[in-house]
Amino acid sequence: RLEEAGERQHYVVEAWLDGRCAGRAHGWFERGAQFVLEKIEIDRAQRSKGHGSTMIGHLRAKAREEDCREL
């Protein structure tokens, strides 16, 4: 989900596994500038399984797509 607030785009990304939310990340970015990850949460039972790394990989791809110079 994305919401605009002036120049900033606020986002929430959820990771779903077997019909349940396994984690979420949120933050904001400014196109062509910076991409900020404020918080990432992974369900305790799903930790150390690579889900957080996968989410960060998707966020890096989004940052590149938005021409952000900094993550």
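Is Ser48 buried or exposed? Select Ser48 and see: with a relative accessibility of 82%, Ser48 counts as exposed. (Buried means under 20% relative accessible area, exposed means over 50%, and partly exposed is in between, using a 1.4 Å probe and protein chains only.)

Before we move on, a word about what is on your screen. This is a predicted model, where local features need pLDDT of at least 70, side-chain atom pairs count only at pLDDT 80 or more, and totals for chains, interfaces and linings use all residues. Residues are numbered from 1 along each chain as its sequence is written, and side-chain values use heavy atoms, with hydrogens and water left out.

**Stop 1**

(Helices, H or I with at least four residues, and strands, E with at least two, are DSSP runs numbered from the N terminus.) Ser48 is not a glycine, yet its phi is positive, about 65°.

Now jump to Asp67, in the segment after α1. Asp67 is another residue other than glycine with a positive phi, near 60°. At 55% relative accessibility, Asp67 is exposed.

**Stop 2**

Select β2 (residues 8–17) and β3 (20–29). These two run antiparallel and are joined by nine bridges. (Strands pair if DSSP finds at least two bridges between them.) Look for Tyr11, which stands opposite Gly27 in β3. Then go to the hairpin of β2 and β3: there are two residues between the strands, and Asp18 takes a positive phi near 55°.

Click on Trp28 and you'll find its bridge partner in β4, Val36. In this hairpin, five residues lie between the strands, and Gly32 has a positive phi near 75°.

**Stop 3: the rings**

Show the side chains of Tyr11, Phe29 and Phe35, which form one aromatic cluster. A pair of aromatic rings is described by the distance of the centres and the angle of the planes. (Rings of Phe, Tyr and Trp, the last by its six-membered ring, pair if their centres lie within 6.5 Å; planes under 30 degrees apart count as stacked, over 60 as edge-to-face and the rest as tilted.)

The structure holds two aromatic pairs. Tyr11 and Phe35 have ring centres 5.1 Å apart and planes at 25°, so this pair is stacked. How about burial? Tyr11 and Phe35 are both buried, and Phe29 is buried as well.

The charged end of Arg8 sits over the ring of Trp28, 3.6 Å from its centre. (That label needs NZ of Lys or CZ of Arg within 6 Å of the ring centre and within 35 degrees of the ring normal.)

**Stop 4: the core**

Which residues make up the largest nonpolar core? Select these ten: Tyr11, Ala15, Ala25, Phe29, Phe35, Ile42, Met55, Leu59, Ala63 and Cys68. (A nonpolar core is a set of buried Ala, Val, Leu, Ile, Met, Phe, Trp, Tyr and Cys residues joined through side-chain atoms within 4.5 Å.) β2, β3, β4 and α1 (51–65) are the elements that give two or more residues to this core. The largest share, three residues, comes from α1.

Zoom in on Ile42, in strand β4. Ile42 is buried, at 16% relative accessible area. Not counting residues up to four places away in sequence, Ile42 touches Ala22, Gly23, Arg47, His51, Gly52 and Met55. (Contact means heavy atoms within 4.5 Å.)

Compare Val13, over in strand β2. Val13 is partly exposed, with 27% relative accessible area. Leaving aside neighbours within four places, Val13 is in contact with Gly23, Arg24, Ala25, Met55 and Leu59.

**Last stop: the cysteines**

Click on Cys21, partly exposed at 25% relative accessibility, and then on Cys68, buried at 15%. How many disulfides does a search of the whole structure find? The count is zero. (A disulfide is a pair of cysteine sulfur atoms within 2.5 Å.)
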